[in-house]
Amino acid sequence: MPAAEPVGLPATAISAPDEAASDLQGAALAAPAPAAVAQPAVAAWLRLLRSEMRLMLSRRRNQAGLGVLAAIPIVMAIAVKIADPSNQHQGESFLASIVGNGFFVALAALVVEIGLFLPLAIAMLSGDAVAGEAQIGTLRGLLVVPVPRTRLLATKYVALVLGSFLGVLVVAVAGLVAGGALFGLHPVATLSGTTLALPVALWRLLLVVLYVTAFLAALSALGLFVSTLTEQPLGATVAVALISTTMWILDSIPQLGWLHPWLLVDKQVALADMLRDPIYWPTMRLGLLTDLAYVVVFLLAAWARFADKDVSG
Amino acid sequence: MARVTGLIKRHPALRWVAPTAAVAVAAAVAVATTAAARADDHPVLPAVTAEQLLTDTMSTTTQSLSGTAKVTANLGLPQIPGISGAVSGTGVVPGGAASLAAGSSSASPALTGLTTLLTGSHTLRVWADGPQRSRVAIITDGGESDVIRNGTDLWLWQSAGKQALHATLPATSAADKAKQLTPAEQQQLQKVLGQLPSTPQQAAQQLLAAAGTSTDVSVGATTRVAGHPAYQLVATPKDKGTLVSRIVVAIDSTTYVPLKTDVYSTQLSAPAVSVGFTDVSFTAPSADTFTFTPPAGTTVQQWTAPTGTPEKPSGTTGTKPDVAVTGTGWATVVVAHLPAGSPVAGLSEGTANGKGAGALGMLPAVSGSWGSGHALTGTLFSAIVTTDGRVAIGAVPVETLESALAHAGTGQ
């Protein structure tokens, strides 16, 4: 189970980033010349990705971040469990459905965390990606080895997307475990009034996880670009978190209706459409197209910036 | 390729062309798709007359469809709490997404979902298979209201608070009805049936003849609805005293299924009411679309249709209903006395009994030789509720209602 992976890793020393970074250099040095055949090139790229992932997962604060992400659904489940049953309001919400079915803990937690916690996690990861390495000087070392900057950037982006997926999956799995333990897992009532068997509902939950991951992948592209602009990882992190939060605020102002379709966050709560029967795709389709547009624009911008960035260190 | 790489190496700033172009492409695609949906597209179709079009529409054999429709209503109704309350705002975080997770704190009254259609813009999902089986789902943020009909079973479902209402409809086949009639009534029925149009074409002719005195019915420019080329039937009231400017019905050019209806007001350039498919296919939905079993934990209300002939209200004080009709056709105004004890009847005493009086109080006050009251100025219809318990309503401006009230007042 990927969710448990970071916890299962041996505790690394405080100097873990540098060690892992030198590991990355080793992987890069092992990469063959561009003239080599495709197979070793792919293998070399996978090595690069693997060391990038190891670097990401071995950081203490990332492990702590995953813990925080997993804590939210657990706290929510416990809060609902100990709340006065007579105080349960009958809103049109996932939270109100938790009492009857632990499955909804996962959904409610995702909806809650999509606004701040998950974007914050992406802001942290993307701050580290380029600006962080530039600050501690390992980026310079990476760049002297014969790995094209474009490939390095692509690897870092893929690592961010995998990290996003892991984060969302941790929330969903923690929600299922906490909800299942406290309320039990039962067939799921959709918004349309039909009932889904548990395996079908879990499949829908996976689709929700992928939909949220697509949003975070778009935010990661934006974060990667911001990360190439500075050598202060904290500055990049704060900037990405601010941009994300600002978009959520702008999206809540009805007077700015003309702006909403252009905001990355506008279609994200449409994940509730996954719980209709049959699934209602149009809004989510627009959401995915918006994600795609942000990915293309900001990856190209990151590439344009990173390619001629002066790396000191 | 090598030349491009070389060029970029010499002028690194040129790399910025790529993201800039991506922004331009994304914006252009977004704007173009929106514009294409809005553009006046007039596909070339064989010319038809209004009568042909009506005939074909009435004789359409297509009875199965599934699709998505958009309903927009701008009736000029005031924002009454409880009517618009069920539509929660779009997701906002932390507020918005949290509101989706937590729902609105106020308990929603049963099945308010349906009344949300009266204001603003909503998305419906529609499935139909013959006249006996249909399902309409009203999509709201994080919620849904469904109306499902399967034969004699009618279900209303609302996801907010998990509420359902089940009704068993009387079997409505004409043969069943006829069996219950006395011989004299059956003779009467035969006579009426003889006058009824026996073909869609006759029906179309009768409809046009009936409408002809008050309405111009014509075939407008062709259009495209949900990708389907469509004819447009335009009904224009001859009477200029009405608030209704025209009614446009778009009819699919191959199946003759009505795809869109726009009702225009003289007060607005955009339709006051618009109901149309944004996506539609004419294939039969699967049978389980129409089966409904309330999920566990649902509050189910049973509603039984009254059987037998409806009894005449016995306890009413008036001998004849106090309803006066003035004007004709589209400019018809109905003036009626509200029954005593209705929530708005005690308005003159200033007793705000019930929600209706409270809402009425928010409407602007009007007065004239006919008395005084509160007026609702809508885009398609107006209404005045007077302090002496009369109500005037019609698809006309408030001024016409006032003169009708004055007229009805002198007539008594």
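Trainee: How many residues of chain B are in contact with chain A in this predicted model?

Mentor: The model is a predicted one, and the contacts between its two chains can be counted from either side. Chain A contributes 42 residues to these contacts. On the side of chain B, the number of residues in contact is 44.

Trainee: What share of the area buried between chain A and chain B do carbon and sulfur atoms give?

Mentor: The size of an interface is often given as the accessible area lost when the parts come together. Between chain A and chain B the buried area is about 3,500 Å². Of this area, the share given by carbon and sulfur atoms is 64%.

Trainee: Which side chains meet in the salt bridge across the interface of chain A and chain B?

Mentor: The rule finds 1 salt bridge across the interface of chain A and chain B. It has an N to O distance of 3.0 Å, and the side chains that meet in it are those of A:Arg276 and B:Glu144.

Trainee: Why is the pair of A:Phe225 and B:Trp16 classed as it is, and what is that class?

Mentor: Over all chains the count comes to 7 aromatic pairs. In the pair of A:Phe225 and B:Trp16 the ring centres lie 6.2 Å apart, and because the planes stand at 70°, where the class in question needs an angle over 60 degrees, the pair is edge-to-face.

Trainee: Where in chain B does the partner of A:Phe225 lie?

Mentor: The pair crosses between chains, and A:Phe225 belongs to helix α10 (residues 198-229) of chain A. Its partner B:Trp16 lies in the loop between α1 (2-10) and α2 (17-38) of chain B.

Trainee: Is A:Phe225 buried or exposed?

Mentor: Buried means under 20% relative accessible area. Because the relative accessibility of A:Phe225 is 14%, this residue counts as buried.

Trainee: How many residues apart in sequence are the parts that B:Trp155 and B:Phe292 tie together?

Mentor: B:Trp155 and B:Phe292 form a tilted aromatic pair, with 5.1 Å from centre to centre and 50° between the planes. B:Trp155 lies in strand β5 (residues 153-158) of chain B, whereas B:Phe292 lies in the loop between β12 (273-281) and β13 (299-304) of that chain, so the separation of the parts, in residues, is 137.

Trainee: Which residue lies over the face of B:Tyr264?

Mentor: Chain B has an arginine over a ring at B:Trp127, where B:Arg135 sits at 4.5 Å from the ring centre. Over the face of B:Tyr264, at 3.9 Å from the ring centre, lies B:Arg246.

Conventions. Residues numbered from 1 in each chain as written. Chains lettered and ligands numbered in written order. Predicted model: local features only at pLDDT ≥ 70, side-chain atom pairs only at ≥ 80, totals over all residues. Heavy atoms only, no water. Phe/Tyr/Trp six-rings, centres within 6.5 Å; stacked < 30°, edge-to-face > 60°. Helix = DSSP H or I, 4+ residues; strand = E, 2+ residues; numbered from the N terminus. Buried < 20%, exposed > 50% of the residue type's maximum accessible area, 1.4 Å probe, protein only. Lys NZ or Arg CZ within 6 Å of the ring centre and 35° of its normal. Contact = heavy atoms within 4.5 Å. Buried area = accessible area lost by both parts, 1.4 Å probe. Salt bridge = Lys/Arg side-chain N within 4 Å of Asp/Glu carboxyl O.
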